[in-house]
Protein chains: 2
Amino acid sequence: MMVSVDGFFEGPEHDLSWHNVDAEFNEFAIEQTKAVGALLFGRRTYELMKSYWPSEQARQGDPAVAELMNTAPKIVFSTSLAGGQETEYWRNVTLMKELKKSEIEKLKEASQKDLGIFGSNNLCVQLMALGLVDEFRIMVNPVAIGKGTPLFYGLPGRFKFGLSESRQFASGNLLLRYRPA
Amino acid sequence: MMVSVDGFFEGPEHDLSWHNVDAEFNEFAIEQTKAVGALLFGRRTYELMKSYWPSEQARQGDPAVAELMNTAPKIVFSTSLAGGQETEYWRNVTLMKELKKSEIEKLKEASQKDLGIFGSNNLCVQLMALGLVDEFRIMVNPVAIGKGTPLFYGLPGRFKFGLSESRQFASGNLLLRYRPA
């Protein structure tokens, strides 16, 4: 999850223009995506990603990440989406209507690699409540944006973490790795 | 400034009960307070500190910090406070009715040591707008609290930082040091 210094994962009207992205970040994103067996999405993030990664712009401007995002197995949680959303470049999509703890546990067991979530705050908060998130990677961008939606918006109470590691990027981004306490 | 992982400096009704404080933190707080020539406060933080540090509880439970806080020169910015607020244990208080850039610059020049602000979010945001803050020290506590007041609440727009350093505490706290970009 990318966040601002003041703790927002998006500005007003889903503004992400403050994201501080450079070559080192892209390399990290590629490594991270390669290490993931499947990507979990909430509906909104899914639609955002689906409108970007299969595009000509993404496949030419950012070919390595685009290739990974477009071919990786993707699981979308949505009650409103219909099935059959596949396009030529946005493949391997499974739609799940319901978020069931036992189903996620089965997915985790069946997967050789870790399951990943990029963004998808609502889904993340639901998974946290079910005790299903094993690690959090929070990238603090060196900017305060004043207004927006706070990280883990919708969390019903306190959630304690243990800090595993922090990593400083040359851009001023700081990656925090937490596990549930 | 102490913040939660989700970016709040206080929970609802000024809740600070999530602060993650241990011996290492206290040692850091003592060092930091010793390094400061004068402390700047907004009205609300001033009243909070004034009701705590001179108390028997603080002076017995946390004698080193209490002694430092009680004797350090303090500058309070408030239009509503009357003068003559001193008590036996809360000394060296100067009241300033107005926040003037030139006055702060004079204070900075006249002081051998750095000026410090602990908390006082509103005052901090005003000083940021005037370009008067040289360094930010943000201590990320390893807990999300779900609701509260975001760090730098009231900031009118974007504010860019450069990351100077991060320091991991055994407690899971992480200190981020930023300068204005």
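How are H1(A) and H4(A) oriented to each other? In this predicted model, helix H1 (residues 23-34) of chain A packs with helix H4 (residues 63-71) of chain A at an angle of about 25°, and because angles under 35 degrees count as roughly parallel, H1(A) and H4(A) are therefore roughly parallel to each other.

- The axes of helix H1 and helix H4 of chain A lie 10 Å apart, and the crossing in which H1(A) passes H4(A) is left-handed.
- On the side of H1(A), the contact is made by A:Asn26, A:Ile30, A:Thr33 and A:Lys34, while H4(A) contributes A:Ala64, A:Val65, A:Leu68 and A:Met69.
- Sorted by class, the residues in the contact of H1(A) with H4(A) are five nonpolar, two polar and one charged.

**The interface between chain B and chain A**

- Of the area that chain B buries against chain A, 23% is supplied by B:Val5, B:Arg158 and B:Leu163, which is more than any other three residues supply.

**Salt bridges between the chains**

- Between chain B and chain A the count is two salt bridges.
- B:Arg158, one of the three residues named above for buried area, has its side chain in a salt bridge with that of A:Asp15, at 3.1 Å from N to O.

Definitions and conventions: Residues are numbered from 1 along each chain as its sequence is written. Chains are lettered from A and ligands numbered from 1 in the order in which they are written. This is a predicted model: local features need pLDDT of at least 70, side-chain atom pairs count only at pLDDT 80 or more; totals for chains, interfaces and linings use all residues. Side-chain values use heavy atoms; hydrogens and water are left out. Axes are lines fitted to C-alpha atoms, for helices over the stretch in contact, and angles run from 0 to 180 degrees between N-to-C directions. Helices (H or I, at least four residues) and strands (E, at least two) are DSSP runs, numbered from the N terminus. Angles under 35 degrees count as roughly parallel, over 145 as roughly antiparallel, 65 to 115 as roughly perpendicular and the rest as oblique. A crossing is left-handed if the near helix is turned anticlockwise from the far one by less than a right angle, and right-handed if clockwise. Contact means heavy atoms within 4.5 Å. Ala, Val, Leu, Ile, Met, Phe, Trp, Tyr, Cys and Pro count as nonpolar, Asp, Glu, Lys and Arg as charged, and the others, Gly among them, as polar. Buried area is the accessible area (1.4 Å probe) that two parts lose on being put together, summed over both. A salt bridge is a side-chain nitrogen of Lys or Arg within 4 Å of a carboxyl oxygen of Asp or Glu.
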